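Here are some notes for a first look at this structure. Please keep the model open while reading.

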Amino acid sequence: MPLASYALGVMEASVYAPEVFARGLPASLRVEAQPEDRTTAVPAADAAAPLLSLQGIGLSFGGVVALAEIDLSVRPGEIRAIIGPNGAGKSSLINVISGVYRADRGHVRLDGASYAQVPTQRLAHLGVARTFQNLALFKGLSVLDNVASGLAYKVRSNFAGQLLGIGRSRGEQRDFLSRADQILEFLDLTAIRHRLVGTLPYGLQKRVELARALVAQPRLLLLDEPMAGMTAGEKSEMAAFVRAARDRFATTVVLIEHDVGVVMGLSDCIAVLDYGRKIADATPDEVRNDQRVIDAYLGVASNDEALSVNEGRAGI
Amino acid sequence: MTAMTSDVPPALVLPKWIAPVLLLAFAYGVVPLIGSSYLFEAILLPFLALGLAGVGLNILTGYAGQVSLGSAAFMAAGAFAAYNFNLRVEGLPLVGSIVLAGFVAAAIGIVFGLPSLRLRGFYLAVSTLAAQFFVQWALTKFSWFSNNSASGVIDAPRLSIAGFALDGAVGRYLFALTVVSILTFLAYRLVSSQTGRNFIAIRDNETAARIIGIPVLKTKLLAFAISSFIIGVAGVIWAFAYLRTVEPDGFDLDRSFQILFIVIIGGLASIRGAFFGAALIVVFPLALSRLGGFLLGDVFDSGVLDMSQRIVLGALIILFLILEPDGLVALWDRVRRRLLFARQST
Ligand SMILES: Nc1ncnc2c1ncn2[C@@H]1O[C@H](COP(=O)(O)OP(=O)(O)O)[C@@H](O)[C@H]1O
Ligand SMILES: [Mg+2]
């Protein structure tokens, strides 16, 4: 499974990127991109203190430098994309932000508090939710139970109360299920709420994972390739959901995505990683015209030789 | 499966509680009247004890995903704890001894569950072997546990509840049935509760479970505690109601494997499955010895029986792992669905 989606990711990058640079945005996104809406939706952007900021993050695995001196600052309500070739360190960055990895150097500041390693166990309490590049759903649970599990951090009842159906457990359960149902409705998943999640097609599982992250109404939502392996139609649908989630819950979104077209239409700002370094961090228009970005990442898409080099790297 | 059941016309969909209630009515109302003492002594009593142990292990392994090879140790802990509470605490009713024995087994389960905070899968399984060897060693080494009996084999106390003796085969059967029914019902409630879903979440993806705020360490230890409690009580039933003696030897590694096989054959993460598996494990050797005796006559002595039993059982487990990894319970559900559809279309 990881291998398959990895291969898919590589494929998507090579299939979609040339189209983007030959003809601009893919048709589906040209329709969807609404820059005016986007600017109004970002609340008093520049003045606000960053919700998330990274300072001098460094991380290596043995000899491989996954991240080097990464600084990043994300304003409340922003949709921030992180792009870069395979192996650039995007997932590692999300893993550092969510405490799955501990950075060798640097700090993560979340809402004012500074961490050398973000306490994963407390992540949900801090208002941070995430999805994974390779699905991380609970296969043995239904769609509804998967989504309701996103509220597990709120559980106050103990197991004895739950066994006997006394104390807080009943009210808590009702509350969880009704909130899960609201999110399912919001993401148009109500029809499959009782299906075992392992039996769903890939694209729907991705959406269920988004639902599980959203149900807690996080202040910061980290999405690791939420649209990987999807068709163009599914991608624009997913992009619409991400934008709607931001608008509805005032959630700040950090998202990794390979499809440059999707990213340009969806995000307020784009950070570009290459070999663990941040080589650009600006608005979509600025990034599109940044010479270093074109050389390192975007350019390869319009150049077949460079593309094969890039794919070689992806295999690392 | 959920999708399938919704295809069945409403007339055929009975409330979920009907089947267990009918089964219990049969077990309480009919079986005691028609059963022979052979049925109780050789089949139903071991079936109930092992089925309950299977339920206990299934909570830990099937639901919470933590492999254990120490089940027999927790059975032994329960049996010996109940024996000693009964012996040493004046006026403690039998039920009190059993509940306290469950707590002792749970405490030992927590201690030997600590490695699960660091170890997974195969390594965890090996570390639970420590429980197996340690408990058996301690019970043999310190004769205090067996009240200094010379042989180490002690008679279990006679069963009685509120002065009502349950000595005969039927009495012991009813006693075991009651304990097993209550604990199984609670286990069923547990696995469909928030805690049960947390178990499954940790089993299916521990990192994701931690990220969404499930207290992973606490939940794992809770799984060990609950599972060991149930297995401990199963040990009491095994010793007090079935064997009527308490001895460490019966709770060896073979027994631990037997309970693991029950869970695998019956179906992981299924409460019903534990009883399917226990039924097979109990009935199978009896059937094999009858069949062997019938086909081969005197050649089929106990040595040959023991060997052929191991071979056939081993083959059966491999077959199950390959052909029906979801166990007897999945097989059963499929057959039942076929029957329902067949009836519907005729
Ligand atoms: N857990 C890990 N162990 C060893 N190497 C890792 C691990 N995670 C990431 N890496 C390495 O770090 C680099 C960046 O990987 P990753 O963050 O997954 O990139 P991306 O998500 O941009 O494709 C790669 O060279 C990868 O092999
Ligand atoms: Mg990645």
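1. Helices here are DSSP runs of H or I with at least four residues, numbered from the N terminus. In that numbering, F103(B) lies in helix α6 of chain B. Bear in mind that the model is predicted.

2. Is F103(B) buried or exposed? Exposed means over 50% relative accessible area. F103(B) has 52%, so F103(B) counts as exposed.

3. Together with V95(B), V99(B), L100(B) and I161(B), F103(B) makes a nonpolar surface patch of about 410 Å². Helix α6 of chain B, residues 94-113, supplies the largest share of the patch, with four residues.

4. Now turn to chain A. Which residues surround ligand 1? The run P85(A), N86(A), G87(A), A88(A), G89(A), K90(A), S91(A) and S92(A) is part of the shell. F61(A), V64(A), A66(A) and Y101(A) complete the list. By class, the shell has six nonpolar, five polar and one charged residues.

5. Polar contacts to ligand 1 come from backbone and side chain. A polar backbone atom of G89(A) is 3.0 Å from an oxygen atom of the ligand. For A88(A), a polar backbone atom is 3.2 Å from a ligand oxygen. Y101(A) uses its side chain: a polar atom there lies 2.9 Å from a nitrogen atom of ligand 1.

6. How much of ligand 1 does the protein cover? On its own, the ligand has 550 Å² of accessible area, and the protein covers 70% of that. Two elements of chain A give two or more residues to the shell: β2 (64-74) and α4 (90-97). α4(A) gives the most, with three residues.

Methods
Residues numbered from 1 in each chain as written. Chains lettered and ligands numbered in written order. Predicted model: local features only at pLDDT ≥ 70, side-chain atom pairs only at ≥ 80, totals over all residues. Heavy atoms only, no water. Near = heavy atom within 4 Å. Polar contact = N/O pair within 3.5 Å; in protein donor to acceptor, adjacent residues only side chain to side chain. Areas by Shrake-Rupley, 256 points an atom, 1.4 Å probe, with all protein chains shown as cover. Nonpolar A, V, L, I, M, F, W, Y, C, P; charged D, E, K, R; others polar. Patch = residues over 30% accessible without salt bridge, like charges linked within 9 Å, V, L, I, M, F, W, Y side chains within 5 Å. Salt bridge = Lys/Arg side-chain N within 4 Å of Asp/Glu carboxyl O. Buried < 20%, exposed > 50% of the residue type's maximum accessible area, 1.4 Å probe, protein only.
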